[in-house]
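Open the model in your viewer and keep the selection tool at hand. This tour moves from stop to stop. Each stop says what to select and what is there.

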Amino acid sequence: MRVLIVEDDDLLAAGLVRALDQTGYAVDRVNSGERADLALSSETYDLVVLDIGLPGIDGFSVLKRLRTRGQTCPVLILTARDAVTDRVRGLDLGADDYMVKPFALSEFEARLRALVRRGVQLNSAQLVCGNLILDTLAHRAWLNQAPLNLTAREWGVLEYLLMRQGQVLSKDKILQAVCSWDETISPNAIEVYMSRLRNKLEPAGVNIRTIRGFGYLLEADDTTQHASA
Ligand code: CA
């Protein structure tokens, strides 16, 4: 999951980036409306956290431009005051949720998870493929009912694949989804993550197929799907 945080308060932004980093999201942060506009015009994000009070172009304008461009990614707005008019205006402009500062980090994370699920039309916190279960709420993975250890990056790649089962995903797309600006990861690194994930998952009948020239496809053996059904 790739997330853009638009927030001019350095301290708050650092806290949000740290929290999301730990959950395996790829996070970019900008501190002005102009930079947000630029980032949103050039990259694809799964989620945007948008402060309303920004220097220059405010959050409302950023949101308006985003929706005018036809971009439908979920947006969580942050407002400094509990002003009804701000919240109504944000929602009317196409925000999906809002939080009033100050807020608890745990609630922020829960709302983001809900928005991510809505963005990919999932209604459960559990992602399942054959004998593999990723619980995005508890942030734990199980394979054949045994806990599965994943690095933050492996988690990020696997969550992305699980949320898009049945789709062939290109290396570039995966790379863009799991890497933020301050990380330099080559497309070859994706192959390394895939091979590590395969070593962990294939004995349990969960396969990452390479579709030559197109990308990767996550699927479970028929037998394991029946066994877990
Ligand atoms: Ca602000």
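**Stop 1: a proline in a loop**

Select Pro-102, placed in the loop between strand S5 (97-100) and helix H5. Helices (H or I, at least four residues) and strands (E, at least two) are DSSP runs, numbered from the N terminus. Now show the backbone: the peptide bond from Lys-101 to Pro-102 is cis, with omega near -5°. Most peptide bonds are trans, and most residues other than glycine have a negative phi.

Before moving on, note that this is a predicted model, where local features need pLDDT of at least 70, side-chain atom pairs count only at pLDDT 80 or more, and totals for chains, interfaces and linings use all residues. Residues are numbered from 1 along each chain as its sequence is written, and side-chain values use heavy atoms, with hydrogens and water left out.

**Stop 2: two residues with positive phi**

Select Asn-144 in the loop between strand S8 (140-143) and strand S9 (146-148). Asn-144 is not a glycine, yet has a positive phi of about 50°. Gln-145 sits in the loop between S8 and S9 too. Its phi is also positive, about 65°. Are they buried or exposed? Asn-144 is partly exposed, at 43% relative accessible area. Gln-145 counts as exposed, at 78%. Here buried means under 20% relative accessible area, exposed over 50%, and partly exposed in between (1.4 Å probe, protein chains only).

**Stop 3: the calcium ion**

Select the calcium ion. Which residues coordinate it? They are Asp-8 (OD), Asp-51 (OD) and Gly-53 (O), at 2.2 to 2.3 Å. Asp-8 lies in the loop between strand S1 (2-6) and helix H1 (10-22), and Asp-51 in strand S3 (residues 47-51), so the pair ties together parts 43 residues apart in sequence. Donors are N, O and S atoms within 2.8 Å of the metal (3.2 Å for Na, K and Ca); water is not among the atoms, so sites may look incomplete. Asp-8 is partly exposed, at 33%. Asp-51 is buried, at 3%.

**Stop 4: strands S3 and S4**

S3 and S4 pair in the parallel sense over four bridges. Strands pair if DSSP finds at least two bridges between them. Val-48 stands opposite Val-75 in S4. Both faces of S4 are covered: Val-75, Ile-77 and Thr-79 are buried on one side, Leu-76 and Leu-78 on the other.

**Stop 5: a hairpin**

Select strand S6 (residues 126-129). Leu-127 and Cys-129 make its covered face, Gln-126 and Val-128 its uncovered one. Four bridges join S6 to strand S7 (residues 132-135), and the two run antiparallel. Leu-127 stands opposite Leu-134 in S7. S6 and S7 form a hairpin with two residues between them, and Gly-130 in the turn has a positive phi of about 55°.

**Stop 6: helix H1**

Select Leu-16 in helix H1. Leu-16 is buried, with a relative accessible area of 1%.
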